[in-house]
Amino acid sequence: MAGIRVGLITPGSVADAAWNSGAYAGLRQIHDSLGLAISHVEARTPAEQEEALRTYAVQGYDLVFAHGFEFQGAAERVSAEYPKTVFIVTSGSRAHGNVAPLIFRLEEASYLAGMVAGGLTRSGVLGFIGGIELPPIEAAYQGWVNGARAVKPGVECRKIYLNSFDDAAAGREAALALIRVGADMLHHNADAAALGVFQAAKESPGVYLFGANADQTSLAPERVLGSAIIDLPRAFLLVAREVKGGTFRPRVEAFGLASGVVRYAPNPALLGMVPPGLAARVKAAADSIAAGTLVAAPRPGSMQASGPGREPESPERQDRAEVPAGRHASAVSPRRL
């Protein structure tokens, strides 16, 4: 089908080396691999996001990626008026009309990162920096905690939410605050704000960290032990090929470790820091998560995606979770994965 146009709306800068840059790489791959016309716009506030969705629909775009859990409501409102445009909400909560979610269980990769952190921490204190407290980010945090406590039950886990995905200075200060209270292993899900986290780690001897959403080893090659990755280009291409071929049908599409779209990637240069026994435990946990016999973290109801002809994701898998005793469930406020 000639003339298909694909739009992408991100809630932050595509120079964040993480969530938004991965989406933009996916958009570019759609252009390079499928030859489709593409467009991108950044929209940070709810009003800007709904306006961007509507603008693409009015212009007749065939496929629009709304990049974040926070786009769900606006995408449904706009879709009701423009049913010919396919709206994909990354980490969305349900399929509705011509709106469909791509679900990424990043907590499955964060669990493995947490195992490494729990096995290597000397202080017994771990730190996590989040951008805004949204369900997918809280789930990734819980996966990190559960993985750490599977290896070191008494580990202390502290977290700070910045209420921003863009403030690198705040990210650095939050990381330094966690380091001051003893955290020697850091993880994040803070987009561009996390650039400050990497800076703080580089300034602090004996502190290591883990990347999120993309392989972030290059940001601090001597300090990044590994990254919890979402292969956004691969997921975006799957959808775009169906739209181009005229076979796309709105549905919930979920990706975890079993899909290969979500994965944990260790830094090859620092593999020597991980004892063979710990590496074997991480591999075994990855296999169990992929097989569905180990649940990295329970998901809140707002993340149990549903749609026409599909029941919400059942919590029955959560009953099989091999989570250490003493794990506390954090309250979450209604974003992405």
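Where is the place of Phe 71? Phe 71 sits in the loop between strand 3 and helix 3 (72–81), where helices (H or I, at least four residues) and strands (E, at least two) are DSSP runs numbered from the N terminus. Before we go on, a word on the model: it is predicted, so local features need pLDDT of at least 70 and side-chain atom pairs count only at pLDDT 80 or more, while totals for chains, interfaces and linings use all residues. Residues are numbered from 1 along each chain as its sequence is written, and side-chain values use heavy atoms, with hydrogens and water left out.

Back to Phe 71. Because its relative accessibility is 0%, Phe 71 counts as buried (under 20% relative accessible area; exposed is over 50%, partly exposed in between, with a 1.4 Å probe and protein chains only). Leaving aside residues up to four places away in sequence, Phe 71 touches Ile 9, Pro 11, Ala 43, Gln 49, Leu 53, Ala 66 and Val 89, contact meaning heavy atoms within 4.5 Å. Take Gln 49: it is 22 residues from Phe 71 along the chain, yet their C-alpha atoms are separated by 7.2 Å.

Six strands form an open sheet in the order 2-1-3-4-5-11, with parallel pairing; two strands pair if DSSP finds at least two bridges between them. At the edges are strand 2 (37–42) and strand 11 (253–255), each pairing on one side only. On average, neighbouring strands here are turned by 20° against each other, direction ignored. Axes are lines fitted to C-alpha atoms, for helices over the stretch in contact, and angles run from 0 to 180 degrees between N-to-C directions. Look at strand 1 (residues 5–10) and strand 3 (residues 63–66): they run parallel and are joined by 4 bridges, with Gly 7 opposite Val 64 in strand 3. Lying across strand 1, strand 2, strand 3 and strand 4 (86–90) is helix 2 (residues 46–58), which runs at about 175° to strand 1.

Follow the chain into the loop between strand 4 and strand 5 (99–104) and you reach Ser 91. Most residues other than glycine have a negative phi. Ser 91 is not a glycine, but has a positive phi of about 60°. At 3% relative accessibility, Ser 91 counts as buried. Asp 191, in the loop between strand 8 and helix 7, also isn't a glycine and has a positive phi of about 55°. Its relative accessibility is 2%, so Asp 191 counts as buried.

That brings us to helix 7 (residues 195–203), where Gly 196, Val 197, Phe 198, Ala 200 and Ala 201 are buried. Those buried residues pack against several elements, including helix 6 (168–180) and strand 8 (185–189). Helix 6 and helix 7 pack at an angle of about 40°, with their axes 6 Å apart. That makes helix 6 oblique to helix 7; angles under 35 degrees count as roughly parallel, over 145 as roughly antiparallel, 65 to 115 as roughly perpendicular and the rest as oblique.

One more helix pair is worth a look. The axes of helix 4 (residues 106–120) and helix 9 (residues 276–291) come within 10 Å and cross at roughly 160°, so helix 4 and helix 9 are roughly antiparallel to each other. Among the residues that meet are Tyr 111 and Leu 112 in helix 4 and Val 282 and Ala 285 in helix 9.
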